[in-house]
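Here is a short briefing on one protein model.

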Amino acid sequence: MDLQGKNILVTGGAGDGMGQGICEAIDHAGGRIIVNDINPELAREVAKKYNHAVAVKADVSNADEVRRMFNEINKEWGIVHGVVNNAGIGLARYAHEATEEELNRLFDVDVKGIWLVSTAFVKQLLKAGEAGNIVNISSIHSFATMHRMALYSTAKTAVNGLTRGLAIDFGQYNIRCNAVAPGMIYSEQSVHIISRWTPDPIKWMKDHKTDHQCLNYFTTARDCGNAVAFLLSDLSRSITGQTIHVDGGATNLLYNNAYTSSK
Ligand SMILES: NC(=O)c1ccc[n+]([C@@H]2O[C@H](COP(=O)([O-])OP(=O)(O)OC[C@H]3O[C@@H](n4cnc5c(N)ncnc54)[C@H](O)[C@@H]3O)[C@@H](O)[C@H]2O)c1
């Protein structure tokens, strides 16, 4: 995969979860990374790790900040060729216990943020008459979900809808739009989240891998990053409007392995 000479904006790129896997994969493919984050110190620190990376601050849910961010990028480093809409916040709460503020913030960042960043991105491409590429980070919760995830799952389902619709609106300008839907990712952060519902999160993750995936190994943020880099590259030039599951086949299983295996 070759992203040499391409400026790729990664929102929420300073995160040590998916952001790190995505930035590593883009760096490996030779892309110039523009690390966006709401936390500017972290973004600056993270940008130092990669070959050609710079940092920009913006809250993706704020239209003025997004506009200012694109003005700054275009002035300092030129046009943005690709965007990875990775910035997102989770919400693990029973629907009847979540507050209106929590719901609004979730949709502002995870859904409205993608619309704001993608449209600002496309406007600068149209002005320059250039092609481009958008990759949204969805989740397998947009296909099947679990207790406490109704609102998160709804937000990520909206991401898949936006991915399809933007692909249709922007295809006429040679701008593609796809999504990656990560499954359970093996990371410290996942251990922390899973410990909310089980006293032994490591055992829970191992059981998930064995019983609830087709592949008997853990998916990493870098696996998701590699799928993102592929979708940003010309190797995927005819793919648009798609959401690729990077989940070891978890959403492919109707029943868990122990329930149906003949072994
Ligand atoms: N980690 C997983 O297992 C997993 C699985 C499926 C999908 N995802 C998705 O991947 C994306 C990243 O998740 P993560 O788990 O790596 O999260 P993370 O919390 O590690 O990183 C998110 C980053 O986004 C930044 N951020 C938050 N709000 C922002 C805003 N309004 N504007 C700009 N930056 C903002 C944070 O400061 C942070 O650096 C999210 O969209 C999430 O829904 C993650």
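Buried means under 20% relative accessible area, exposed means over 50%, and partly exposed lies in between (1.4 Å probe, protein chains only). The model is predicted: local features need pLDDT of at least 70, side-chain atom pairs count only at pLDDT 80 or more, and totals for chains, interfaces and linings use all residues. Residues are numbered from 1 along each chain as its sequence is written, and side-chain values use heavy atoms, with hydrogens and water left out.

**Cysteines**
- The whole structure has zero disulfides, a disulfide being a pair of cysteine sulfur atoms within 2.5 Å.
- Cys-177 is buried, at 0% relative accessible area. Its closest cysteine sulfur is in Cys-224, 17 Å away and too far for a bond.
- Cys-214 is partly exposed, at 44%. For Cys-214 too, the closest cysteine sulfur is in Cys-224, here at 16 Å, again too far for a bond.

**Salt bridges**
- A search of the whole structure finds seven salt bridges. The term means a side-chain nitrogen of Lys or Arg within 4 Å of a carboxyl oxygen of Asp or Glu.
- Glu-24 pairs with Arg-222, with the closest N and O atoms 3.8 Å apart. This pair links distant parts of the chain: Glu-24 is in helix 1 (residues 18-28) and Arg-222 in helix 8 (residues 221-232), 198 residues apart. Helices are DSSP runs (H or I, at least four residues) and strands likewise (E, at least two), numbered from the N terminus.
- Glu-24 is partly exposed at 28%, and Arg-222 is partly exposed at 28%.
- Lys-57 bridges to Glu-65 at 3.3 Å. Lys-57 is partly exposed at 40%, whereas Glu-65 is buried at 18%.
- Asp-64 bridges to Arg-67 at 3.0 Å. The two are three residues apart in helix 3 (residues 63-77), so about one helical turn separates them.

- The buried residues of helix 7 (residues 201-212) are Pro-201, Met-205, His-208 and Lys-209. Down the helix axis they fall within an arc of 95°, so they line one face. The arc is that of the directions from the helix axis to the C-beta atoms.
- These buried residues pack against helix 6 (188-194).
- Asn-86 sits in the loop between strand 4 (82-85) and helix 4 (100-128). Asn-86 is buried, at 10%.
- Beyond neighbours within four places in sequence, the contacts of Asn-86 include Val-10, Met-18 and Ile-137. Contact means heavy atoms within 4.5 Å.
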